[in-house]
Amino acid sequence: MAGSRVLCVLVVVLCCAVQGFAVTYTVGDTNGWVANVDYSTWTSGKSFAVGDTLVFTYGGGAHTVDEVTESDYSSCAIGNSITSDSTGSTSITLKTPGTHYFICGIPGHCSGGMKLAVTVGGNETTTTPASPSTPTPRTFGPPSPYSSTPLSSAGTISPSIITILFLGVTLLKLYLA
């Protein structure tokens, strides 16, 4: 009887672990957050979910990462940002579903292409690049050998997931002992 309880707990823990994978994306991959990169192409084929993190890397003081409204994103209007950072390495955890808009607040940079729109799904995730495309379902596992996505944006496992997996393995050892 006790063995079946441990097995049930193990199944619940492992199910939670699989659902909790958060992905860390390096915006622009090796290019980083710079002018003359097509960020709508960069988002193409990616699925963003609540809990994922966007990492913007750029020269501190040379650029900013400003979260803005859809209207300010479309017109590249600066000065009304929801949040702004210019440290050179900005990490933003996506906390709510919906479309999030980011621009560089340095005059002329947004119109030079430094703008990013990501649509964050709740349970089902989709990507919204500037040009329409078919949403891609969220998948887990190693990147395909035929993928053009570098490993740096393939994602990482969050520390909380590692802890859950460790607990699951420990419970399994107890069950088998």
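Biologist: What is the strand order of the open sheet of 3 strands, and which kind of pairing does this sheet have?

Modeller: The open sheet has the order β1-β3-β6, with mixed pairing, where a strand is a DSSP run of E of at least two residues, numbered from the N terminus. This is a predicted model, in which local features need pLDDT of at least 70 and side-chain atom pairs count only at pLDDT 80 or more, while totals for chains, interfaces and linings use all residues. Residues are numbered from 1 along each chain as its sequence is written, and side-chain values use heavy atoms, with hydrogens and water left out.

Biologist: What makes Asp 29 a buried residue, and what makes Asn 36 an exposed one?

Modeller: Buried means under 20% relative accessible area and exposed over 50%, with partly exposed in between (1.4 Å probe, protein chains only). Asp 29 has a relative accessible area of 14%, so the term buried applies, whereas Asn 36, at 74%, is exposed. Asp 29 is placed in the loop between β1 (24-26) and α2 (39-43), and Asn 36 also lies in the loop between β1 and α2.

Biologist: Why does the phi of Asp 29 deserve a remark?

Modeller: Most residues other than glycine have a negative phi. Asp 29 has a positive phi near 50°, and Asn 36, which is not a glycine either, has a positive phi of about 65°.

Biologist: Which residues touch the most other members of the largest nonpolar core, and why is such a set called a core?

Modeller: The name is used because the set consists of buried Ala, Val, Leu, Ile, Met, Phe, Trp, Tyr and Cys residues joined through side-chain atoms within 4.5 Å. Of its 20 residues, Trp 33, Leu 54, Phe 56 and Leu 116 touch the most other members. At least two residues each come from α2, β3 and β8 (115-121), and β8 gives the most, with 3 residues. Leaving aside residues up to four places away in sequence, Phe 56 touches several others, including Val 27, Trp 33, Val 65, Ile 92, Phe 102 and Leu 116, where contact means heavy atoms within 4.5 Å. Apart from this core lies another, of 6 residues, among them Val 68, Tyr 73, Ile 103 and Cys 110.

Biologist: Where in the chain is confidence lowest, and where is it highest?

Modeller: The pLDDT is the predictor's confidence in each residue, from 0 to 100. For the chain its mean is 76, and 59% of the residues reach 70 or more. Confidence is lowest in helix α1 (residues 2-19), at a mean of 49, and highest in strand β4 (residues 65-68), at 98; a helix here is a DSSP run of H or I of at least four residues. Over residues 10-19 the pLDDT is below 50, and this stretch has 11 contacts in the model beyond near neighbours in sequence. Residues 124-156 also have a pLDDT below 50, with 47 contacts beyond near neighbours in sequence.

Technical notes. Two strands pair if DSSP finds at least two bridges between them.
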